[in-house]
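Take a look at the structure shown here. Two parts of it are described below.

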Amino acid sequence: MATEIRTLTPQPVWGYFYELTQIPRPTGQMDAVTRFMVDFGNSLGLETEKDAAGNVIIRKPATPGFEDRKVVTLQSHLDMVPQKNKDVSHDFSKDPIPAYVDGDWVKARGTTLGADNGIGVAMAMAVLADQTLQHGPLEALFTVDEEVGMDGAYGLKPGFVRGRILLNCDSEEEGKLFVGCAGGADLNILFQYKKGAPLINGDVSVRLLLSGLKGGHSGVDIHLGRANANKLMFRFLKEAIRDYGVRLASVDGGSLRNVIPREAEAVVTLPKDNVEVLWELVADYQDLYRSEYAGIEDRIRFIAEMADDPDMLIPEELQDDLINAVEACQNGVATLLHDFPGTVESSSNLALVKSSEGLIEIKILARSSSESRKAALLSSLESVFSLAGAKVEYGGAYNGWQPDANSPIRKVMEQVYEKLYGKKAEVTVMHAGLECGIIQGIYPYMDMISFGPDLKHPHSPDEAVSISSVARVWEYLKSTLTDIPAGS
């Protein structure tokens, strides 16, 4: 039963997290959850504000004797990525998340869980409600629409946030203190045509379905070498079109810009005499992909089925340009960081390829902790699609967060961690985008750090958060708040 989540330890954190699973909150649908947060702050009798962007801030006075401490801002985002398996009936706009306990993990049945970043929200709520904690003046900032465009962070205005220290609770590896992150930008690519090509007499129609890939977060999981459904589909299409008389009618692969595509489908036509050999080619490619991704992907499924005839085909010249461009498009890790071995510096995610009447839309998210290398990567990707005749536009750019070697909060949290656990925390940077870089641009005086419990496979239906890790990070957060130094 999902309700057993409310009884986990620490009970206040899990109780609030369960309440969040009952509130639909995909990016772009923030009204219900922001009302919930405003009502929560008011119910505690705490100063509560909502800004024009929809961000909510709740302020809590210092406990007696801690009034001289620096003001701390606990920061997390309210929205979640809506992803589900094809065989799951779930409406993210109205249905609660079907969460459950599996050993040491809280998971969801066939959908994303929303622990990214619901568990950070729940910990901040528990701090606000707990009257036994010792801490200086603090506030909890709950931003909206982080997952697509970071609109809440961009909407912050000077004066709304008062903290001198920001504790971002949106990272996903216990024992790591994140002091920097990558920036990113979108490439929005359009192939347009006025008139489709007619079907060829005697050809039949087939639907190709690629599914079962793990997908995941295009920043956190990009180094794991997982398959990209769009790249696999177009690799197959290139051979099928070249050798078997196949023509492309439509394609629909991927969903969100920051999600590694897990599924793709295409409708094609071909001579009836070639259907049997196409079936064999699909089976061969399924075996090939399973072999190439052995140990990484364990559920790849590639099938073909007869389909209704489409109205029109994508014009042949455009079809070929599209396939060559997608095949040539760089995807995955591009460069690694020298100062943090094993950490990705730059990457790209071929997130979406979708056709409609007269239009083919492609979305790519490029990330880098180096602004110059981000620009170079974007330029390279732009060149590929421009050469293919597409219209390419930039959008959704956000800055990275640069590490501060002299950060006081970093030193405090390193000391607290070693005191609690007898070992050193790992200080590193994250390839995923955090709101810290944007917030730092608005409040340049803030000292920032990011941390959180163990969370697996965010942005995919395999998302899970560790129960024992949440308990340890809760104790770590409480101890950190007590050890915040004095100062203005």
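The model is predicted, so to speak of local features a pLDDT of at least 70 is needed, side-chain atom pairs count only at pLDDT 80 or more, and totals for chains, interfaces and linings use all residues. Residues are numbered from 1 along each chain as its sequence is written, and side-chain values use heavy atoms, with hydrogens and water left out.

Buried in α7 are L318, Q319, L322, I323, A325 and V326 (under 20% relative accessible area, with exposed over 50% and partly exposed in between, for a 1.4 Å probe and protein chains only). These residues sit on the same side of α7 because they cover an arc of only 165° around the axis, taken from the directions from the helix axis to the C-beta atoms. The face turned away from that side carries the exposed E317 and A328.

The buried residues of α7 pack against β9, α5, β11, β15, β16 and α8, contact being heavy atoms within 4.5 Å.

The largest pocket has a volume of about 420 Å³. Of its 22 lining residues, the closest to its centre are E173, K176, F178, V220 and H223. The largest share of the lining, 4 residues, comes from β18. A pocket here is an open set of points on a 1 Å grid over the protein atoms alone where a 1.4 Å probe fits, with protein on both sides within 12 Å along at least five of seven lines, and lining residues have an atom within 4 Å of a point. Grid points are joined across faces, edges and corners, and the volume is the space filled by probe spheres set on them.

Methods. Helices (H or I, at least four residues) and strands (E, at least two) are DSSP runs, numbered from the N terminus.
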